[in-house]
Structure formats: structure tokens, C-alpha cells
Amino acid sequence: MSPRLLLALLLGLAALLAGGAARADTTCTTTTPVTAAFGNVANAAAAPVFTTTTFTITCSTTALSLLATASVRACLGIGVGTTGTAISPLRRMTNASGDPMSYQLFTSSAYSTIWGLTPGTTPGPQVVDLNYNVPLLTGGSGAVSVTIYGRIPAGQTLSAGAYSTAFSGGDVRLQYAFNEVLLGTATAPPACTTVAGVTGNKVATGGFPFTVTANVLPQCSAYVTTDMDFGSNAGAIASNIDRTSTIGLTCINRTAYTIALDNGLYANGTVRRMRHDTNPAWFIPYELYRESTRTQRWGSTANVDLVSGTGTGAAQTLTVYGRAPPSSGAVAAGSYSDQIKVTITY
């Protein structure tokens, strides 16, 4: 190579570096987070419930020069989701019946800064900076791992069911500004929205779709039962003796439950009987029913003779209808009793 040609090449390279104007392009992409699953959440929980999910933002720049660098300022925005109505103060997810559960997404483990959607607003998006070399021939890239922090506040009155909300499209927004230089260190753009005075600015939506889920298990409590007293009778039982008792329970809203009654301690087959307190050979037959006409027996066989209901969140009372039929003869004097096991399934 002649000295004149070598000098021309060196002068050309020097002019390129001195100009500092990049002719490459920068593109940022994101991976898809896994579901942010809160798991089981108790009604009126005493403590908050937390979850996280993580994804990666990667920015790549095509080859510039041996000493080139790129700097990117990106805003990662998250909106209200498919079942939400607002970002702040709390987001919302729902179950299949539309019952709400409040929750929030944050930018850090301090759970102090709500993760918003639009730059320049409050709450705003998560801001991420990337700086990396862009060598000749291969180009360069930088990557940052980003974590979404979720929290469900304590003390909520909830309904049973599977809750979810989805983020996609405009609800997961990536906007970024970037600077590229051929020599030295590229300066960071002042904001992800900056257009003038930077190498470029881009906006993308739908890049990191994810779903938030939680599950509220059915729950019943506060069980209360009353005794059934058939009263006193002298001699034979001449006609039906009808009495009632109650079963009380409180189940969270939309909790489906069934109540079974066993045959008692002294049944003869499926015939319930009260036994004399001192003579185990004497009995008085009786029956328990699900309704006031006393035609539908209340038993313990699934899909046959149970009583079913759905919780409302308030106390509920169910009536047990009892009947002691006429006896075929005199009934020995004394006290008779039986004990029924109540099984509540939900």
C-alpha cells in the first residue's frame, strides 16, 4: 500500500470518528414474564400476600466502530389490565362472577412506588438504563433483568373463586430513547420520551404480556346447632309430633356447601330411633326432613338427600324438620334421646 493511500485511509477514519454521528440502529425487546401468581388468599387475611415475576429487556445496536458505545433510557409501562378500572390507589382483578379483589404492582421490593403506564404521569413506568459497547463487525447489546413486585392488601372481604387479570397490547408499553456515538461514551438520553437531540426514539406495545392470578378457597365457619325437643307425651303417640331445630353457619360469598345428617346412634337400618335413657331395649322412631311438608328425608348420600346452599358472607340458618310418627302401642315412660352427626362439606 502506498503512503498516499494509507494516509487517505487514516484521514477518512479520523474524519468518521471526529464526526461522532452514528449511522447504526438500536432496537429493544423484552421477554415474556411468567404468571404473577399470588396463590391462595384467605378472606379477611390478617397479613398481605406477595408475589413477583421477572422478565428481561435487551437492547441491541448494529456495528458502529471499534470504540463505539450506545446508551438507552427505556420506560416499561404497565396499565390497568383486562379487569381493572384504575392503576392507583389499587388495581383490581376479578373471578368468574365479577367479584373484585384489590392488589397492586410495584417497581421494587420496598413496595413503595406503584408501577404505572405513561411517562410523565404519577404513577409512572419503570425506568431502565442500558449502556454498552458497540464493536465493529459484531455490534453490541445490553440486557437488564426487571422484576414486577405484587402485593394484595390484608383485610379484604372476598368471595370464593379463581381471580385473574391479563396485561397485553397497550397495557404493556415499551418506549425508549437512545444515543449512539462512534467514539467515546454515549450520553444517556434525559428521558425515554426525548425525541430531539438524541439518535432515536421508539415505542412498542405488547412486548411483555403477563397474567396476575389469585385463588380464594371456599370457607365456612361459625357453626351453631340447636336441639330438637319432641316434648312430653303420655302413653301412646296418637298422631304425628312435629318439631324443628336449626343449623347455623357462615360461609364466605359464593362458597358452595352441602350438609349431611347421619342416621344417629341407634338407627334400625335407615330408620332413626331415640333410645330410652335407662333401658336400651326401648326406642321411639322418628325422622328428619329437608322441608316443612316432611316428605324429603334429610340424610347423608351425595346427590340424593343432602341439603345444599351457597354462602353469602353473612350468617345463614337452615331448619331441620323432625317428626315422631304415631306408635303402635303404649310407650314406656322415661326420657329418650339420640345424637345426630352434622357434616358440612365445601
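A pocket is an open set of grid points with protein on both sides within 12 Å along at least five of seven lines, and its lining residues have an atom within 4 Å of a point. The views below show a predicted model.

**View 1. The largest pocket and its centre.** The largest pocket is lined by 33 residues. Met228, Asp229, Phe230, Met274 and Tyr336 lie nearest its centre. The space in this pocket comes to about 830 Å³.

**View 2. The lining of the largest pocket.** Strands S14 (241–251), S17 (283–289), S19 (315–324) and S20 (336–337) are the elements that give two or more residues to the lining. S14 supplies the largest share, four residues. By residue class, the lining holds 18 nonpolar, 12 polar and three charged residues.

**View 3. The whole chain, for orientation.** The protein chain has one helix and 21 strands. Its C-alpha trace spans about 135 × 40 × 30 Å along the principal axes. The radius of gyration is 37 Å, whereas a compact globule of 346 residues would have one near 20 Å. Of the 346 residues, 39% count as buried. The chain exposes about 17200 Å², and carbon and sulfur atoms supply 54% of that area. Among contacts with a separation of 6 or more, 77% join residues 24 or more positions apart.

**View 4. A cis peptide bond at Pro89.** The bond from Ser88 to Pro89 is cis, with omega near 5°. Pro89 sits in the loop between strand S4 (69–78) and strand S5 (91–94).

**View 5. A cis peptide bond at Pro123.** Here the bond from Thr122 to Pro123 is cis, and omega is near 0°. The loop between strand S6 (100–106) and strand S7 (126–133) holds Pro123. Most peptide bonds are trans.

**View 6. Positive phi at Leu137.** Leu137 is not a glycine, yet its phi is positive, near 80°. The residue is found in the loop between S7 and strand S8 (140–152). Leu137 has a relative accessible area of 79%, so it counts as exposed.

**View 7. Positive phi at Ala222.** Ala222 also is not a glycine, and its phi is about 55°. This residue lies in a strand, S13 (residues 220–225). Its relative accessible area is 48%, so Ala222 counts as partly exposed. The cut-off for exposed is over 50%. Most residues other than glycine have a negative phi.

Conventions. Residues numbered from 1 in each chain as written. Predicted model: local features only at pLDDT ≥ 70, side-chain atom pairs only at ≥ 80, totals over all residues. Heavy atoms only, no water. 1 Å grid on protein atoms, 1.4 Å probe; cavity = no way out; pocket = protein on both sides within 12 Å on 5 of 7 lines; lining within 4 Å. Points joined across faces, edges and corners; volume = space filled by probe spheres on them. Nonpolar A, V, L, I, M, F, W, Y, C, P; charged D, E, K, R; others polar. Rg over C-alpha atoms; globule rule 2.2 N^0.38 Å. Buried < 20%, exposed > 50% of the residue type's maximum accessible area, 1.4 Å probe, protein only. Contact = heavy atoms within 4.5 Å. Areas by Shrake-Rupley, 256 points an atom, 1.4 Å probe, with all protein chains shown as cover.
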